Structures are given as structure tokens and as C-alpha cells.
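Biologist: Hi! Could you walk me through this one? I have a few quick questions.

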Amino acid sequence: MTKAEREWVQRVAQLPCVVCGSEGGSEVHEPEQGLWFASIPLCPDCHRGPQGWHGTRLRWTLRRISELQAINKTIQQLNAA
């Protein structure tokens with residue numbers, strides 16, 4: 001990871017979860033290995049929980065949010081900060 005990527009990921013980790021809005025620090029999900037600038041902030045439940053991205057993705061389905069929409073929302077939040 002480059003210095004610029006580390007700084008980006010640190011900023012992303014400070015955002016609320018883009019799926020449920022949970023605050024308090026997020027885990028950083030990269031949609032494809034090495035795509036750090038496309039990282040998404042997720043709470044543990046929306047990331048690794050049984051209904052999260054690495055589970056059934058039910059939390060994502062119920063909120064009608066795709067991975068691409070989550071990336072877009074992340075960029076919007078970073079630009080607003």
C-alpha cells in the first residue's frame with residue numbers, strides 16, 4: 001500500500017457505515033484486492049456479519065444498495081468532509 005492509499009483508507013475508516021449509517025469507526029472493505037481508492041466504510045455487521053457482505057448480504061439487499069452505489073456514497077461523503 002502506498003502512502004496515498006494509506007491516507008485514503010484512514011479517511012474512509014472515519015466515515016459511518018455506508019449501508020446502515022452506524023458510526024464509531026468503520027472497517028474498510030476493498031471491492032477488489034488492491035483497489036484501495038474504491039474502499040467502502042462498513043460496520044462489522046454490514047461487512048463480516050452473517051447478513052453482511054461476506055455473508056448472505058441481506059442487510060445490503062434490504063437497503064437496496066449495491067457495491068457500486070456504496071463506492072459512490074463513500075466518495076460523496078469524503079467530498080463533503
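Predicted model: local features only at pLDDT ≥ 70, side-chain atom pairs only at ≥ 80, totals over all residues.

Biologist: Nice. Which residues in helix 4 are buried?
Modeller: Those are E67, A70, I71, T74 and L78. They sit on the same side of helix 4, because they cover an arc of only 100° around the axis.

Biologist: Why would residues three or four places apart point the same way?
Modeller: An α-helix has 3.6 residues a turn, so residues at that spacing point the same way.

Biologist: And which residues are exposed on the other side of helix 4?
Modeller: There you find L68, N79 and A80 exposed.

Biologist: How many residues does helix 4 have, and what does it span?
Modeller: Helix 4 runs over residues 67–80, which makes 14 residues. From first C-alpha to last it reaches 20 Å, close to the 20 Å expected at 1.5 Å a residue.

Biologist: Switching to backbone angles: what is the phi of R57?
Modeller: R57 has a positive phi of about 70°, although it is not a glycine. You'll find R57 in the loop between helix 2 (44–47) and helix 3. R57 is partly exposed, with a relative accessible area of 36%.

Biologist: What about R64, is it buried or exposed?
Modeller: R64 is exposed, at a relative accessible area of 75%. R64 lies in the loop between helix 3 and helix 4. R64 is not a glycine either, yet its phi is positive, at about 50°.

How values were computed. Residues numbered from 1 in each chain as written. Heavy atoms only, no water. Helix = DSSP H or I, 4+ residues; strand = E, 2+ residues; numbered from the N terminus. Expected span 1.5 Å × (residues − 1). Buried < 20%, exposed > 50% of the residue type's maximum accessible area, 1.4 Å probe, protein only. Arc of directions from axis to C-beta.
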